[in-house]
Amino acid sequence: MGSSESKIWVFVEHRQGQLIEVGLELVQKALDLGRQAKWKVAAVLVGHHVSALAEEILTYGVNEVLMADDPLLKDYCNQAYAKTLATAVRHNQPEIFLLGATAMGMDLGPRLAAKLRTGLSAHCIDLELTDAGELLAVVPGWGGSIMAKISCLRTRPQMATVKPGVFDLPQSGQPRGRIITLDPVVDTKDITYRIVEVEREEVQQSDLDTAEVVVAGGWGVGAAENWKLIQDLASVLGGAVGATRPAVDEGWAEEKQMIGTSGRTVKPKLYIGVALSGHMHHMVGIKNPDLMVGINQDRTAPIFTHCDIGLVGDFKEILPKLITAIKPFFDR
Amino acid sequence: MRIIVCLKSVPDPKHWNKLKLDPETKTLIREGIPSTINPLDKNALEEALRLNEKQGGEVIVISMAPLEMIPVLQEALAMGANRAVLLSDRAFSGSDTLGTAYVLAEAIKAIGNFDLILCGNETIDGGTAQVSAQISEFLDVPNLMFVSQIEYSPGLPFKVRSQIELGYRVVEIAPPMVLSVVKEINEPRYVTMMNILAAEEKEIQVWTSEDLNLTEPCVGLADSPTQMADLFIPERGRNAEMLDQDAEIQAKELADRLHRLGFC
């Protein structure tokens with residue numbers, strides 16, 4: 001087995017020959033933390049026929065790509081993947097091991113942490129590193145109403161799964177670093193289930209992920225026919241429509257439009273929250289916009305403590321007038 | 001078929017607005033907030049009951065919790081579980097997911113042979129979704145998460161459908177195993193008064209650390225690998241300038257500002 005000098009490892013997922021963004025977002029964060037601690041960064045890639053992906057990851061500035069390439073690892077099976085990774089971790093002793101909080105990462109992370117008898121922080125929305133090299137993982141609890149910083153002092157590696165979308169993607173450039181091939185350690189008995197069917201919807205990036213303007217609506221919208229006003233405002237501003245969980249539960253918006261702890265993280269320049277309370281479980285999904293605007297009938301609604309500008313009133317009156325006032329600027 | 005269902009009692013989310021943080025001790029004040037079975041754990045129990053209504057067998061619920069949570073287990077018995085095991089010991093208190101999974105796994109070993117362990121995919125309070133995968137690692141059996149359908153025919157492997165990003169997959173998998181379920185799997189049954197009365201006859205065993213073969217140092221607050229370094233209510237940071245006038249004026253003012261800032 002090749003030896004790694006890297007102290008921060010990032011598990012980078014791929015599907016159908018494509019790297020998954022959250023893995024690359026974690027590469028960027030790991031490079032930032034690595035600069036701070038003067039630690040090298042490795043991406044860990046598991047699968048079959050993945051050397052082209054390993055080359056691609058090198059262009060994002062990692063020091064190493066640790067690659068486990070084996071026919072038995074072609075399809076994800078948690079026991080086989082956890083065994084592969086645990087063997088590599090025991091051999092190389094990284095300080096930190098990060099995974100995306102995807103369906104795969106949320107399944108693999110805990111299994112691997114238990115195998116290594118180490119701690120794992122779940123669905124983090126930020127990571128900090130102390131001068132002593134201790135990872136502080138910021139984790140939302142109670143639906144996001146309270147945040148905790150979790151540390152893992154005595155066992156290594158310090159592990160965390162991180163929600164997609166909270167960190168920026170890295171820039172690609174000239175590849176540097178090297179690819180280290182991990183010896184195969186799995187055999188057929190590690191493949192503990194047989195996949196008989198996989199169905200994926202076509203992968204489409206939600207326009208919410210890239211939108212510069214997000215208009216989000218909540219429970220207070222009240223009815224499906226009113227939801228059109230949210231869509232109209234987003235449309236006139238060239239933005240995307242987001243929603244809180246109650247709006248999704250009511251069927252006004254789709255699950256993929258949900259922003260917050262159990263939904264997406266968005267990074268718009270302008271966010272307008274309409275007829276939503278502004279509880280943390282929604283607000284944690286909005287990353288530092290330049291301008292936040294809240295529209296709510298209740299002057300004491302928490303949304304106004306998150307916003308730069310607050311409008312008090314009935315959105316059914318305000319939104320049509322706002323749309324009318326905005327339109328001329330685009331017509332010039 | 002012997003099915004073990006792991007249950008967690010959680011503060012009823014309808015009362016979460018009463019949650020407070022003690023600024024001194026950085027602990028949550030839960031006073032006045034009633035407990036209930038974690039919603040997805042009810043789906044897990046429902047699925048266990050449905051499987052065994054067809055197959056025959058035993059459904060055992062286990063939970064790691066203080067003794068005050070016995071009524072929550074009684075609710076599970078009233079739903080139809082055959083018996084309950086409560087793991088209750090001050091030494092367990094404050095365990096993180098690894099410690100919790102380890103205690104549950106040791107209790108499952110103590111219960112003995114099982115075909116299936118069912119869990120809710122995550123709890124509504126901690127929400128880490130880690131315990132089921134960690135139980136299966138300690139027991140060295142396969143597990144699947146995000147399970148939305150379980151098909152069983154005697155003599156064949158289980159066919160289990162689970163959600164993945166933007167889709168699902170179906171796998172064939174043989175017991176013993178751990179499956180954690182999502183809410184789409186079923187609609188938990190209502191409990192009738194008759195069921196509640198019948199449940200009073202059923203046994204709830206209480207086990208402490210003495211009853212388990214705990215040899216690994218990961219149980220309890222002090223020995224858990226993860227520790228709470230800080231607990232805080234996120235700063236809101238911005239305090240809106242209120243445009244507190246009639247709708248027309250507010251709309252015009254906001255449109256002008258959005259224009260000045262280059263948004264329109």
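How many salt bridges are there between chain A and chain B? Hi everyone, let's go through that. This is a predicted model, where local features need pLDDT of at least 70, side-chain atom pairs count only at pLDDT 80 or more, and totals for chains, interfaces and linings use all residues. Residues are numbered from 1 along each chain as its sequence is written, chains are lettered from A and ligands numbered from 1 in the order in which they are written, and side-chain values use heavy atoms, leaving out hydrogens and water.

So, the count is six salt bridges between chain A and chain B, a salt bridge being a side-chain nitrogen of Lys or Arg within 4 Å of a carboxyl oxygen of Asp or Glu. One links B:Glu165 with A:Arg15, whose closest N and O atoms are 2.8 Å apart.

Now the interface as a whole. Chain A puts 82 residues into the contact and chain B puts in 72 residues, with contact meaning heavy atoms within 4.5 Å. About 6,700 Å² is buried between chain A and chain B, and carbon and sulfur atoms give 60% of that; buried area is the accessible area (1.4 Å probe) that two parts lose on being put together, summed over both.

Next, the strands, which are DSSP runs of E with at least two residues, numbered from the N terminus. Strand β13 (residues 194-200) of chain A pairs with strand β11 (residues 167-173) of chain B, antiparallel, over six bridges; pairing needs at least two DSSP bridges. Within this pair, A:Ile195 stands opposite B:Val171.

Note on methods
Helix = DSSP H or I, 4+ residues; strand = E, 2+ residues; numbered from the N terminus.
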